[in-house]
Amino acid sequence: MRSRKFFLVSVILSNSTYDILLSCMEKRKKRNYKAKQQKKIAQTILTVSREIPLTETDRITYVYARDKTEDAIREIINVSYDAWIEKSWLTILRYDSTHGYLHQHTRFSLTQEKEFISKEHIPQEGSHQEWLTWAIGDIKTNFLAYRQAFFNRSDLYGTEE
Amino acid sequence: MDKKTQAEKNLQLMEKLTKFLLSHPEIDKQLPVDASLVILSAEDKTLNEVNDKLIPGLLEEGKHVVKAQEIKSDTNKWEFSPISA
C-alpha cells in the first residue's frame, strides 16, 4: 500500500521536483546528525574557570574547555591579566585559542578599547595544556612590563601604588 | 608587604598551583568549576596574612572562594578548603 502511494507521488511529481524533495530530505538528515553530534560534544565538554587574585587590584583568570571523558584540554577560552582601575575590572591582556592557535590580545588603553592581536613569539605547536601553561608562564614573567606599558599608554603612570 | 612583592610572590605560586591542578585533574574536578583560588604559601606567613585579607572582598562579589594551601614537601602538593560567606 505504502509503496503504491510512493509510486503515485513519484509519478505526479516531475523529476526536478522529486530531486529537490530528495535534496531537502538529505539536508534535514545532515542537520539532525550535526545537531546530535554538537549535543554529544556539549555533554562531554566542561568549562572550567579559575580566578587567582594577586593583590586587591590585580588578578589572573584562566578558562578552558576540558573533555570529561578523556581529561584533555580542548580549548583555551581565556587566560587574562585583569586590573581594578576606576572602580571596575579591566582586562589588560589575554590569550585564547579560539581560531585553533594561541594568540594574544592587548588592550590599547583605559579609554581606547581596541586591541592589538598578535601571535608573534607565541608557540604554535604543542597541546592545549602546553599552551595554557605557556600563557600563564608568560604573564608571570612579564606581568610588570605588561602592567607598566598599559599604564603608560593610558597616561596613568605614577597613579599606581 | 607592598603590592608589587605580593603580586610577584603570588605569580610564582600561581604557576606551581596551575601545573599541579593540570596534572591532577581528579583533584581539579573536586573544585567548583568557577573557583576563586586564594593562594597560601607553605612558608611565607606575611604573604598569607595579606592574601587572607582578599577573601572578604571575593565573598562579597559572590565568588566561590577556595583556599589553596601549599604543603611543604619535596613534591608539589596542595590542599584545598572552600570558604563560605
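Which residues does A:Ala135 touch, not counting residues up to four places away in sequence? They are A:Ile76, A:Val79, A:Tyr95 and A:Leu102. The model is predicted. In it, nine strands from chains A and B form an open sheet with mixed pairing, and the largest nonpolar core has 38 residues.

**Chain A: overall make-up**

- Chain A contains three helices and six strands.
- Read from the N terminus, the order of its elements is α-α-β-β-β-β-β-β-α.
- Chain A has 161 residues, of which 24% count as buried.
- Among the contacts in chain A with a separation of 6 or more, 33% come from residues 24 or more positions apart.

**The sheet across both chains**

- The strand order is E6(A)-E5(A)-E4(A)-E3(A)-E2(A)-E1(A)-E1(B)-E2(B)-E3(B).
- Strand E6 (115–118) of chain A and strand E3 (77–83) of chain B stand at the edges; each has a single partner strand, so one side of each lacks a neighbour in the sheet.
- On average, and with direction ignored, neighbouring strands of this sheet are turned by 25° against each other.
- Helix H3 (residues 128–153) of chain A packs on the sheet, where it touches E2, E3, strand E4 (88–96) and strand E5 (103–107) of chain A. The direction of this helix makes about 15° with that of E3(A).
- Strands of a sheet pair through backbone hydrogen bonds, in either the parallel or the antiparallel sense.
- Within chain A, strand E2 (residues 58–67) and strand E3 (residues 72–85) run antiparallel and are joined by 10 bridges. In this pair, A:Asp67 stands opposite A:Ala72 of E3(A).
- Within chain B, E1(B) pairs with strand E2 (residues 64–71) in the parallel sense over six bridges. B:Ile39 has B:Ala68 in E2(B) as its bridge partner.

**Where the chains meet**

- Strand E1 (residues 45–55) of chain A pairs with E1(B) in the parallel sense, over three bridges.
- In total, 22 residues of chain A are in contact with 21 residues of chain B.
- On the side of chain A that touches chain B, the elements giving two or more residues are E1, E2 and H3 of chain A.
- E1(A) provides the largest share of that side, 10 residues.
- Sorted by class, the side of chain A that touches chain B has nine nonpolar, six polar and seven charged residues.

**Burial and the nonpolar core**

- The residues with the most contacts inside the 38-residue core are A:Ile76, A:Val79, A:Leu132, A:Ala135, B:Leu17 and B:Ile39.
- At least two residues of this core come from each of E1, E2, E3, E4 and H3 of chain A and H1, E1 and E2 of chain B.
- H3(A) supplies the largest share of this core, seven residues.
- Strand E1 (residues 34–40) of chain B is largely enclosed by the rest of the structure, because six of its seven residues are buried.

**Helices of chain B**

- Helix H1 (residues 3–23) of chain B has 21 residues; at 1.5 Å a residue it should span 30 Å, which agrees with the 30 Å between its end C-alpha atoms.
- The buried residues of H1(B) are B:Gln6, B:Ala7, B:Asn10, B:Leu11, B:Leu13, B:Met14, B:Leu17, B:Thr18 and B:Leu21.
- B:Asn48 is in helix H3 (residues 45–52) of chain B. It counts as partly exposed because it has 18 C-beta neighbours inside 10 Å.
- Not counting residues up to four places away in sequence, B:Asn48 touches B:Leu40 and B:Ser41.
- From B:Asn48 to B:Met1 the separation is 47 residues in sequence and 11 Å in space, C-alpha to C-alpha.

**Loop residues with positive phi**

- Most residues other than glycine have a negative phi.
- A:Glu86 has a positive phi, near 50°. A:Glu86 lies in the loop between E3 and E4 of chain A and is exposed, with 8 other C-beta atoms within 10 Å.
- A:His121 also has a positive phi, of about 60°. This residue is in the loop between E6 and H3 of chain A, and it counts as exposed with 7 C-beta neighbours inside 10 Å.

Methods: Residues numbered from 1 in each chain as written. Chains lettered and ligands numbered in written order. Predicted model: local features only at pLDDT ≥ 70, side-chain atom pairs only at ≥ 80, totals over all residues. Helix = DSSP H or I, 4+ residues; strand = E, 2+ residues; numbered from the N terminus. Expected span 1.5 Å × (residues − 1). Buried ≥ 20, exposed ≤ 12 C-beta atoms within 10 Å, placed from the backbone. Pairing = 2+ DSSP bridges. Axes fitted to C-alpha atoms, helices over the stretch in contact; angles between N-to-C directions. Contact = placed C-beta atoms within 7 Å. Nonpolar A, V, L, I, M, F, W, Y, C, P; charged D, E, K, R; others polar. Core = buried A, V, L, I, M, F, W, Y, C linked by C-beta atoms within 7 Å.
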